[in-house]
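Here is a short briefing to read with the structure open beside you. It starts with a strand pairing and then moves on to a helix and its packing.

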Amino acid sequence: MSDLQTTYYKTPIGTAKIVGNENGIQSVSVLDNEFSTQLEVTSTKDISTCLQNCVTQLEEYFTGTRTEFNLKLNPQGTAFQQKVWNELLNIPFNKSSTYLKQTKQVGDPKAIRAVASANGKNPIWIIIPCHRVIGSDGSLTGYAGGIWRKKWLLEHESGCKQQTLF
């Protein structure tokens, strides 16, 4: 296995840290802005094609021109986590699912906590869309990047930005 590369991409909701190599993207995480303001964004000419493609596709996602990702993914996790993350890839853009529905789709309706835990350990933010999983009552629950980011991503995908009256 070749050495992992890391690059950073500034998004509207924080700086994305992208890690991978020719075997695929291993992680995309979001850093809080207070820590990311000192990071230098790597020139795409200095990183592998896989990471370049990820930066390009994330940029297209945030500008509203991309609704599906076409990247080689290589998340590291247990067999159960991999199963849960693969199921997340079936949730279409601008749609949501519930933890209960996801639990049934992975084949164990009693494993709701395990499924929620696997979602929380999803290493590939946005691309494996755990932000699209909501509570059965429609509430925005459980998002490692923060509920405000989950809300932002869901509104971004719906094309409807909530404006404040005051």
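Thr-6 has Val-19 of β2 as its bridge partner. This is a predicted model, in which local features need pLDDT of at least 70, side-chain atom pairs count only at pLDDT 80 or more, and totals for chains, interfaces and linings use all residues. Residues are numbered from 1 along each chain as its sequence is written, and side-chain values use heavy atoms, with hydrogens and water left out.

**The sheet**
- β1 and β2 (residues 14-21) are antiparallel and share seven bridges; strands are DSSP runs of E with at least two residues, helices are runs of H or I with at least four, and both are numbered from the N terminus.
- The open sheet has three strands in the order β1-β2-β3, with antiparallel pairing (two strands pair if DSSP finds at least two bridges between them).
- β1 and β3 (24-31) are at the edges with a single partner strand each, so one side of each has no neighbour in the sheet.

**Thr-11**
- Thr-11 belongs to strand β1 (residues 5-11).
- Thr-11 is buried, at a relative accessible area of 11% (buried means under 20%, exposed over 50%, partly exposed in between, with a 1.4 Å probe and protein chains only).
- Leaving aside residues up to four places away in sequence, Thr-11 touches Ala-16, Phe-62 and Trp-125 (contact means heavy atoms within 4.5 Å).

**Helix α5**
- Val-115, Ala-118 and Asn-119 are buried in helix α5 (residues 112-120).
- These residues lie on the same side of α5, because they cover an arc of only 105° around the axis (taken from the directions from the helix axis to the C-beta atoms).
- The buried residues of α5 pack against α3 (79-88), α4 (99-105) and β5 (133-134).
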